[in-house]
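Dear colleague,

Please keep it open while you read, and look up each residue as it comes.

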Amino acid sequence: MTRCAICSRPLPADTDLHACAPCLDQLRGMLAEIPRHLPLLALLLAPTAGVRTPGASAPTGRAHSPMPLRLDVVTLLGPGHAVQLPDPTGDQDPTVPIRPLLSGWASYIASQYPTVHRDPHGTVHIAPGTTPRSRFGAGPAAWCHWLAAYLPFAASHDWIGDMYRQIDHLVRLLRSKTDRPPTRTPRNAPCPACEAFGLVSTEGEQLITCEACGHRLTPAAYREHSAAVLPPLTRLAVLFLDDRDTARKAS
Ligand SMILES: [Zn+2]
Ligand SMILES: [Zn+2]
């Protein structure tokens with residue numbers, strides 16, 4: 001039995017993929033989320049700047065001159081290597097910056113992607129290896145778009161697990177800096193698997209997830225499910241409220 005390289009759930013017997021649909025949906029959501037952090041990170045570059053929340057107090061004074069830029073943010077936005085380099089002295093920041101991480105995965109995927117060319121004798125050759133190019137440029141947002149487009153190819157290899165974990169690590173780091181998690185929208189209908197009112201839509205993800213049991217369903221399946229269960233639930237709620245009002249008036 002093949003299991004998802006990300007969550008270890010069993011995969012369908014007839015699939016060529018190494019990741020399940022919910023995990024790929026999450027990965028696609030994370031790739032859509034990364035560009036939303038970029039302008040917030042730019043605001044955080046200056047040490048006294050912050051993504052201010054309503055009611056937050058103003059920055060207080062400090063006893064020494066601040067660094068001209070926040071090094072943790074510069075590290076994320078700056079150039080670097082796609083993999084961690086050996087650090088025998090232990091004094092290097094192990095963070096892989098955003099752009100090298102994304103372009104590094106694009107280069108790796110492109111190196112594995114089969115390309116077809118015909119030689120002068122008309123023979124068709126298929127070989128792996130090409131250079132990634134994005135029509136949106138070479139910035140992080142362009143590479144996020146590129147990686148999302150090649151996700152089906154990446155999912156057909158077992159290294160999709162490493163790709164997911166590295167991008168998940170980056171996204172958690174970005175959220176910790178910008179305090180901007182994806183927007184969650186609770187849905188009205190109960191979960192069809194566990195009946196808890198835990199279904200939530202998450203910004204950037206296509207599937208709707210139950211936070212109680214982890215069940216996932218497509219928007220179309222949710223519409224069908226909610227059309228079947230919400231009208232009876234609404235009638236029950238109205239009956240309950242009517243009975244309560246009657247009992248209150250009688251007392
Ligand atoms: Zn999975
Ligand atoms: Zn559930």
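Does Cys20 count as buried or exposed, and what is its relative accessibility? Cys20 counts as buried, because its relative accessibility is 8%, which falls under the cut-off of 20%. Please bear in mind throughout that this is a predicted model, and that the values below were computed from it.

**The protein as a whole**

The secondary structure comes to seven helices and six strands, and, reading from the N terminus, these elements follow one another as α-α-α-β-β-α-α-α-β-β-β-β-α. Of the 251 residues in the protein, 30% are buried. If one takes the contacts between residues at least 6 apart in sequence, 49% of them join residues that are at least 24 apart.

**The zinc ion (ligand 1)**

Cys20 is one of the residues that coordinate the zinc ion (ligand 1), where the donors are the SG atoms of Cys4, Cys7, Cys20 and Cys23, at 2.2 to 2.3 Å. The angles among these four donor atoms run from 103 to 118°, and the site is tetrahedral. Along the chain, the donors of the zinc ion (ligand 1) have the spacing C-x2-C-x12-C-x2-C. Cys4 and Cys20 both lie in the segment before helix 1 (21–44), so this pair ties together parts that are 16 residues apart in sequence. Cys4 is buried, with a relative accessible area of 3%, and Cys23, at 4% relative accessibility, counts as buried too.

The segment before helix 1 also holds Ser8, which has a positive phi of about 70° although it is not a glycine. At 44% relative accessibility, Ser8 counts as partly exposed.

**The zinc ion (ligand 2)**

The zinc ion (ligand 2) is coordinated by the SG atoms of Cys191, Cys194, Cys210 and Cys213, at 2.2 to 2.4 Å. This site is tetrahedral, with angles of 105 to 113° among its four donor atoms, and its donors follow the spacing C-x2-C-x15-C-x2-C along the chain. Which parts of the chain does the pair Cys194 and Cys213 tie together? Cys194 lies in the loop between strand 3 (184–186) and strand 4 (199–202), while Cys213 lies in the loop between strand 5 (208–210) and strand 6 (216–217), so the pair ties together parts that are 19 residues apart in sequence. Cys194 is partly exposed, with a relative accessible area of 32%, and Cys213 is partly exposed as well, at 40% relative accessibility.

Glu195 is found in the loop between strand 3 and strand 4, and its phi is near 70°, a positive value in a residue other than glycine. Glu195 counts as exposed, because its relative accessibility is 64%, and the cut-off for that word is over 50%.

Arg216 lies in strand 6 and is buried, with a relative accessible area of 16%. Its side chain makes a polar contact with the side chain of Thr209, at 3.5 Å. Leaving aside neighbours within four places in sequence, the residues in contact with Arg216 include Pro22, Asp25 and Gln26, and also Glu205 and Leu207.

Ser226 has its place in helix 7 (residues 219–250) and is buried, with a relative accessible area of 11%. The side chain of Ser226 reaches the backbone oxygen of Arg223 at 3.1 Å, and, apart from neighbours within four places in sequence, Ser226 is in contact with Ala189 and Pro231.

**Helix 4**

Which residues of helix 4 (residues 140–149) are buried? They are Pro140, Ala142, Trp143, Cys144, Trp146 and Leu147, and the buried residues of helix 4 pack against helix 1, helix 3 (98–112), helix 5 (151–154) and helix 6 (160–178).

Technical notes: Residues are numbered from 1 along each chain as its sequence is written. Chains are lettered from A and ligands numbered from 1 in the order in which they are written. This is a predicted model: local features need pLDDT of at least 70, side-chain atom pairs count only at pLDDT 80 or more; totals for chains, interfaces and linings use all residues. Side-chain values use heavy atoms; hydrogens and water are left out. Donors are N, O and S atoms within 2.8 Å of the metal (3.2 Å for Na, K and Ca); water is not among the atoms, so sites may look incomplete. Four donors count as tetrahedral if all angles lie between 85 and 135 degrees; four count as square planar and six as octahedral if opposite donors are over 155 degrees apart and all others between 65 and 115; anything else is irregular. Helices (H or I, at least four residues) and strands (E, at least two) are DSSP runs, numbered from the N terminus. Buried means under 20% relative accessible area, exposed over 50%, partly exposed in between (1.4 Å probe, protein chains only). A polar contact is a pair of N or O atoms within 3.5 Å; within protein, one must be able to donate a hydrogen and the other to accept it, and residues adjacent in sequence count only if both atoms are side-chain atoms. Contact means heavy atoms within 4.5 Å.
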